[in-house]
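Subject: Structure handover

Hello,

Here is the structure for you to look over. My notes follow below it.

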Amino acid sequence: MAELQQQSQYQQQPGQQSRSQQVVRAATAVTAGGSLLILSGLILAATVIALTIATPLFVIFSPVLVPAVITVALICVGFLASGGFGVAAVTVLSWIYRYVTGKHPPGADQLDHARLKLASKAREMKDRAEQFGQQHISGTQAS
């Protein structure tokens, strides 16, 4: 009979939790939160101490460090930009190759639609220009 009561306690409905489970969860959350709060306070204190110690060194070595940091930053930005543009170029060339060979890459339908729309507008403008030219020529001859 005692086993039946224990089994019924463990087989509660999914929406309900026993009070002890809630207390354990709350205690775990408070412990984890407090530990992280203490850790963040220690990191803040260490940062302030390190900055206090390093500031005089930065002031003394700033004529050397500032140009060095700027140079290193520019070199890093240059390499990253070069690599990014290289990847973009290879991607575009790959897309163009697939488009030209007829493998139908993503966006090919949109490009074809834009090309046809542009061609029809160009044809329309050509016809208008010819019509305007004909009107202008016939108007000049009549005068």
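Is Leu-57 buried, partly exposed or exposed? Leu-57 is partly exposed, because its relative accessible area is 46%. The cut-offs are these: buried means under 20% relative accessible area, exposed means over 50%, and partly exposed lies in between, with a 1.4 Å probe and protein chains only.

First, the ground rules. This is a predicted model, where local features need pLDDT of at least 70, side-chain atom pairs count only at pLDDT 80 or more, and totals for chains, interfaces and linings use all residues. Residues are numbered from 1 along each chain as its sequence is written, and side-chain values use heavy atoms, with hydrogens and water left out.

Confidence

The pLDDT is the predictor's confidence in each residue, on a scale from 0 to 100. The protein chain averages 86. At least 70 is reached by 87% of the residues. Among the elements, helix H1 (residues 2–10) has the lowest mean pLDDT, at 53. H2 has the highest, at 91. Please read H1 with that in mind.

Overall fold

The protein chain has 3 helices and 0 strands. From the N terminus on, the order is α-α-α. Helices (H or I, at least four residues) and strands (E, at least two) are DSSP runs, numbered from the N terminus.

Of the 143 residues, 1% count as buried. The chain exposes about 12,700 Å². Carbon and sulfur atoms supply 70% of that area. Accessible areas come from the Shrake-Rupley method with a 1.4 Å probe; for residues, only the protein chains shown count as cover.

Helix H2

H2 spans residues 19–100, and Leu-57 is found there. Leu-57 also belongs to a nonpolar surface patch of about 690 Å². Patches are made of residues with over 30% relative accessible area and no salt bridge; like charges are joined within 9 Å, and nonpolar side chains (Val, Leu, Ile, Met, Phe, Trp, Tyr) within 5 Å.

There is a record to set beside this. An unreviewed UniProt entry carries the annotation "transmembrane region" for residues 36–62 and 68–97. UniProt positions are given in the numbering used here, feature names are shortened, and annotations may be inferred rather than shown by experiment. In the model, residues 36–62 are 100% helix and 0% strand, with end C-alpha atoms 35 Å apart. Residues 68–97 are also 100% helix and 0% strand. Their end C-alpha atoms are 43 Å apart.

The whole structure has 1 aromatic pair. The rings of Trp-95 and Tyr-99 have centres 5.3 Å apart and planes at 5 degrees, so this pair is stacked. Rings of Phe, Tyr and Trp (its six-membered ring) pair if their centres lie within 6.5 Å; planes under 30 degrees apart count as stacked, over 60 as edge-to-face and the rest as tilted. Trp-95 and Tyr-99 are about one helical turn apart, because 4 residues separate them in helix H2. Trp-95 is partly exposed at 23%. Tyr-99 is partly exposed too, at 27% relative accessibility.

The loop between H2 and H3

His-104 lies in this loop. Its phi is near 55 degrees, a positive value in a residue other than glycine. His-104 counts as partly exposed, because its relative accessible area is 47%.

Helix H3

How many salt bridges does the structure hold? There are 3. A salt bridge is a side-chain nitrogen of Lys or Arg within 4 Å of a carboxyl oxygen of Asp or Glu.

- Asp-112 pairs with Arg-115, with the closest N and O atoms 3.8 Å apart. Both lie in helix H3 (residues 108–142), 3 residues apart, about one turn of the helix. Asp-112 is partly exposed, at 23%.
- Lys-121 pairs with Glu-124, with the closest N and O atoms 4.0 Å apart. Both lie in H3, 3 residues apart, about one turn of the helix.
- Arg-128 also pairs with Glu-124, with the closest N and O atoms 3.2 Å apart. Arg-128 and Glu-124 are separated by about one helical turn, because they are 4 residues apart in H3.

Lys-121 is partly exposed, with a relative accessible area of 46%. Glu-124 counts as partly exposed at 32%.

Best wishes
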